Amino acid sequence: MTSTASKPARSDRQTGPDEVARAARLRAANINPRTGLATDYLNHFNEAIMLLEMIPDMPECAEDFLLWYPLSYREHFMASHFKARDLAIEAYESADEHIRVEFDNITGAMTSILTAVGAAMREVRQDKTRARLAEQATGWVKPLVALAGGIINGGAEADVDYIMTH
């Protein structure tokens with residue numbers, strides 16, 4: 001476990017009325033004010049996982065999975081009906097660079113896995129093989145979704161940082 005108590009508070013972090021109001025707007029929109037990220041983006045990956053999980057029992061769902069395509073955080077919100085999509089994009093773009101890079105690395109890994117599995121499924125013809133690919137991909141992507149959710153929600157380290165700076 002790393003100690004975060006020795007880290008200096010971010011000097012660009014304000015705690016005045018504007019920052020409090022912004023944090024309230026973010027919370028109301030289901031955007032974590034500490035990380036600037038919204039769990040709504042994970043729905044994009046959860047949709048793919050749901051389709052993959054159906055393939056072993058309903059092989060025809062492979063066709064639906066093959067219609068899934070990757071979207072960046074920004075693209076996801078621009079295409080969504082998320083009420084506060086502009087706020088979600090702005091919060092993401094102004095999020096701490098370290099948090100955003102870690103998050104983007106994990107979502108990039110999920111995208112790579114899902115894209116590769118889709119390409120492999122297009123090459124195979126047997127339902128049994130597609131089912132096996134779907135099961136493997138689900139096993140790889142689900143833990144990454146959980147990791148991404150932990151980053152969005154700030155995890156334990158972010159909680160300590162927040163407490164120490166407020």
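A contact here means heavy atoms within 4.5 Å. With that in mind, take Met121: leaving aside residues up to four places away in sequence, Met121 touches Leu52, Ile55, Ala62, Phe65, Leu66, Arg130, Leu133 and Ala134. Please remember that this is a predicted model.

Now the overall fold. The protein chain has 8 helices and 0 strands. Of its 166 residues, 40% are buried. Among contacts with a separation of 6 or more, 74% are between residues 24 or more positions apart. The chain exposes about 9,800 Å², and carbon and sulfur atoms supply 56% of that.

In soluble globular proteins, nonpolar side chains tend to be buried together. Here the largest nonpolar core has 45 residues, and Met121 is among those with the most contacts inside it, along with Ile31, Leu52, Phe65, Phe103 and Met110. Helix 7 gives the largest share of this core, 9 residues.

Last, the salt bridges; there are 5. I will take three of them.

Arg22 and Glu90 meet at 3.1 Å, N to O. Arg22 is in helix 1 and Glu90 in helix 5, 68 residues apart. Arg22 counts as buried at 18% relative accessibility, while Glu90 is partly exposed at 34%.

Lys142 and Glu53 meet at 2.5 Å, linking helix 7 to helix 2. Lys142 is partly exposed at 41%, and Glu53 is partly exposed at 39%.

Glu63 and Arg130 meet at 3.3 Å. Glu63 lies in helix 3 and Arg130 in helix 7, so this pair ties together parts 67 residues apart in sequence. Arg130, one of the residues Met121 touches, is buried at 9%.

Definitions and conventions. Residues are numbered from 1 along each chain as its sequence is written. This is a predicted model: local features need pLDDT of at least 70, side-chain atom pairs count only at pLDDT 80 or more; totals for chains, interfaces and linings use all residues. Side-chain values use heavy atoms; hydrogens and water are left out. Helices (H or I, at least four residues) and strands (E, at least two) are DSSP runs, numbered from the N terminus. Buried means under 20% relative accessible area, exposed over 50%, partly exposed in between (1.4 Å probe, protein chains only). Accessible areas come from the Shrake-Rupley method with a 1.4 Å probe; for residues, only the protein chains shown count as cover. A nonpolar core is a set of buried Ala, Val, Leu, Ile, Met, Phe, Trp, Tyr and Cys residues joined through side-chain atoms within 4.5 Å. A salt bridge is a side-chain nitrogen of Lys or Arg within 4 Å of a carboxyl oxygen of Asp or Glu.
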